[in-house]
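User: Please take a close look at one part of this chain for me. I would like the local backbone and packing details, then the wider setting.

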Amino acid sequence: MNVRIVPATPAGIDAAAELLRAGDVVGIPTETVYGLAGDAFHEGALTRIFAVKERPTFDPLILHVSPALLSRHGSGKSTLEQLAHVGLVDAARLGERATAGAEALLAAFWPGPLTLVLPKLPAVPDLATSGLPTVAVRMPDHPVAEAVITAAGRPLAAPSANRFGRISPTSAADVAAELGDRIPLILDGGRCSVGVESTVLLLDGDGLPILLRPGGVDPDAIGRLLGSPVRTWSPLAAPGASPAPAVSPGLMASHYAPRKRLRLLPGPLAGVERAALPTVLPDRLGLLLVSGDPESGARRFAEVTGRRVIARTLSRSGDLVEAARNLFAELRGLDASEAEEIFAEPCSRQEGLGYAIGDRLRRASDRGGEGA
Ligand code: TXA
Ligand code: MG
């Protein structure tokens, strides 16, 4: 492993910015997950991102901006006008309602874990958007991400810093474990505070919100702000959604997957019976609880299965913010443990971050392949 993991001091941030300006890629912290950053306008950097992640080029990237980068592009202007000036968004192609909706969303949730999909300007490389007429933009709420973008002086493409389809990294060490043999530098900004990726949202031709990926911003909060409920995009439910997104990794059935087989329990652990589990079970089972105490969970699951159980919980108290923050690290922990297969309690709560946690667990599981 040749990667340098450097603390996010001013010197570390300068080193990262220098690499970025030269068209190289670096691992950076954000409040959601660590990103693999590269200059959004540099074809070579974009190519590196796809190669390093082993990501198919039909999956478009999110482009990240900072407040200082935008205000350099017109301090008195609206955020959409600044996004136009910096070369990303074709604000003129947004209808009146979508313009009002987008401005309200950006004012309420930026900086923060909301990604908006907006009409793109021709300057945005097709590689960044997979040839779509739209571009996904986000302003991370993290001092290090913000400083790197500002110092690089241009929008940065930054997908999660994991190999394609695998668990997203929430610490510098996780990034090193995923990509340490293929990138020069990781800025260490500590553990991510949100822990799941940004919410990806599209405003349709009528300015109505369509959820492309659940994430750090609660869709109900978006619905309340816009005064219209957020619909979930699906190729069947919204064939005419305009502009129709191509397949998104965030929408792909199987994603965020550990190496070991992960299955979802049919319901909360307390009600699970042996008959509902696979007939053949290995000797050592991993158990991931969304809430509650892992010791009693392990005892209960050991009683049901007759196997040795290694249990982890996302939040003893059932706090969804804490659960989201711990999700990917606990999945990695169980993946690295002695457990041979992992069982996870489904997250049935729909409020707050519950929807995003449930979504990630489903996609990490072998049920992901059923298109859940
Ligand atoms: O929290 C995050 O968003 C993290 C951090 C690093 O900022 N980034 C991240 O990027 O999760 P990535 O590349 O792993 O996910 C990008 C998501 C995918 O679901 C992709 O399909 C969607 O955004 N996306 C990007 N551009 C799009 C577009 N033009 N239309 C529809 N979906 C788009
Ligand atoms: Mg990702």
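Analyst: Buried means under 20% relative accessible area, exposed means over 50%, and partly exposed lies in between. By that rule S130 is partly exposed, because its relative accessible area is 21%. The model is predicted.

Start with the backbone around S130. This serine sits in the loop between α6 (126-129) and β6 (134-138). Its phi is positive, about 55°, although S130 is not a glycine. Most residues other than glycine have a negative phi, and most peptide bonds are trans.

E54 is another case to check. Its phi is near 60°, again positive in a residue other than glycine. E54 lies in the loop between α2 (43-53) and β4.

Next, the peptide bonds. W110 and P111 are joined by a cis peptide bond, with omega at about -10°. P111 belongs to the loop that runs between α5 (96-109) and β5 (114-119).

Now helix α7, residues 143-152. Its buried residues are V144, A145, V148, I149, T150 and A152. Just after α7 comes G153, with a positive phi of about 80°.

Step back to the whole chain. It holds 12 helices and 15 strands. Of its 372 residues, 58% count as buried. The radius of gyration is 21 Å, which agrees with the value near 21 Å for a compact globule, because that is what 372 residues would give. Along the principal axes, the C-alpha atoms fill a box of roughly 65 × 50 × 35 Å.

Contacts reach across the sequence. Among contacts with a separation of 6 or more, 70% are between residues 24 or more positions apart.

The surface comes next. Its accessible area is about 14,300 Å², and carbon and sulfur atoms account for 53% of that. The chain carries 38 positive and 41 negative charges, and their mean positions are 3 Å apart.

Last, confidence. The mean pLDDT of the chain is 93, and 93% of residues reach 70 or more. Residues 237-247 have a pLDDT below 50, and this stretch has 18 contacts in the model beyond near neighbours in sequence.

Definitions and conventions:
Residues numbered from 1 in each chain as written. Chains lettered and ligands numbered in written order. Predicted model: local features only at pLDDT ≥ 70, side-chain atom pairs only at ≥ 80, totals over all residues. Heavy atoms only, no water. Helix = DSSP H or I, 4+ residues; strand = E, 2+ residues; numbered from the N terminus. Rg over C-alpha atoms; globule rule 2.2 N^0.38 Å. Buried < 20%, exposed > 50% of the residue type's maximum accessible area, 1.4 Å probe, protein only. Contact = heavy atoms within 4.5 Å. Areas by Shrake-Rupley, 256 points an atom, 1.4 Å probe, with all protein chains shown as cover. Lys, Arg positive; Asp, Glu negative; His and termini not counted. Charge placed at Lys NZ, Arg CZ, Asp CG, Glu CD. pLDDT = per-residue confidence, 0-100.
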